[in-house]
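Trainee: I've just opened this one and I'd like to learn how to read it. Can we go through it together?

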Amino acid sequence: MTVQPIRLFGDPVLRTPAEPVVDFDAELRRLVADLTDTMREQNGAGLAAPQLGVGLRVFTFEVDDVLGHLVNPVLDFPDEEEQDGPEGCLSIPGLYFDTKRRMNVIAKGFNSYGDPMQIVGTGLMARCVQHETDHLDGVLFVDRLDGDARKEAMKAIRQAEWYDQGAPPVVKLSPHTPGNPFGLGR
């Protein structure tokens with residue numbers, strides 16, 4: 001098993017946009033294996049490379065007994081339907097907050113061998129794909145909360161025993177947020 005330590009809220013790598021994967025080689029496949037082993041060891045639904053300190057656009061997922069990964073994902077939303085429900089993150093351990101996401105997503109990218117692939121997700125799978133793609137953009141799920149909920153989340157994070165007081169919190173806007181000024185992800 002190649003379980004790796006997970007970077008926690010406050011680590012700058014979690015706020016740094018990841019670089020596209022250009023080499024689909026054995027090293028990338030080792031990264032996917034490390035992500036998968038670490039995600040499964042921590043009972044997570046997904047894990048993105050920046051959470052292991054690797055600034056590449058790749059994530060793994062295991063939702064409803066579907067295990068996989070996606071490299072260089074690009075999201076498309078086939079409709080405007082939304083979902084609202086509890087969301088957590090292995091980089092913000094033990095805390096869950098209701099987070100709005102799109103109900104349906106189509107994610108296109110590649111597998112670790114460079115073959116094109118597509119994930120059509122709804123519900124929890126759609127939530128997972130959006131959450132992990134946000135990680136690749138340096139965005140955390142607490143950034144998506146409205147003002148009062150974000151204040152509550154930040155207070156809970158600052159009170160968590162794992163929180164590093166020396167790392168001031170930063171909030172970012174996801175380029176995959178519908179209606180965002182970047183115009184991506186629509």
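**Helices, sheet and core**

Mentor: Helices (H or I, at least four residues) and strands (E, at least two) are DSSP runs, numbered from the N terminus. Axes are lines fitted to C-alpha atoms, for helices over the stretch in contact (heavy atoms within 4.5 Å), and angles run from 0 to 180 degrees between N-to-C directions. One caution: this is a predicted model, where local features need pLDDT of at least 70 and side-chain atom pairs count only at pLDDT 80 or more, while totals for chains, interfaces and linings use all residues. Residues are numbered from 1 along each chain as its sequence is written, and side-chain values use heavy atoms, leaving out hydrogens and water.

Trainee: What is the order of the strands in the open sheet?

Mentor: Two strands pair if DSSP finds at least two bridges between them. Here the five strands go β1-β2-β3-β6-β7, with antiparallel pairing. β1 and β7 (116-122) are the edge strands, each pairing on one side only. Ignoring direction, neighbouring strands are turned by 40 degrees against each other on average.

Trainee: How many bridges join β2 to β3?

Mentor: Six, and these two strands run antiparallel. As one example, V58 has V71 in β3 as its bridge partner.

Trainee: Which residues are buried in α1?

Mentor: An α-helix has 3.6 residues a turn, so residues three or four places apart point the same way. Buried means under 20% relative accessible area, exposed over 50%, partly exposed in between (1.4 Å probe, protein chains only). In α1 (residues 26-41), the buried ones are L28, L31, V32, D34, L35, T36, T38 and M39. They pack against β1 (46-48), β2 and β3. α1 also lies across those strands, at about 40 degrees to β2.

Trainee: Which residues have the most contacts inside the largest nonpolar core?

Mentor: In soluble globular proteins, nonpolar side chains tend to be buried together. A nonpolar core is a set of buried Ala, Val, Leu, Ile, Met, Phe, Trp, Tyr and Cys residues joined through side-chain atoms within 4.5 Å. The largest one here has 16 residues, and F59, I119 and V129 have the most contacts inside it. β2 (58-63), β3 (66-76), β6 (104-110) and α2 (124-136) each supply at least two of its residues. The largest share, five residues, comes from α2. There's also a second, separate core of 15 residues, including V13, I92, A153 and M154.

Definitions and conventions. Expected span 1.5 Å × (residues − 1).
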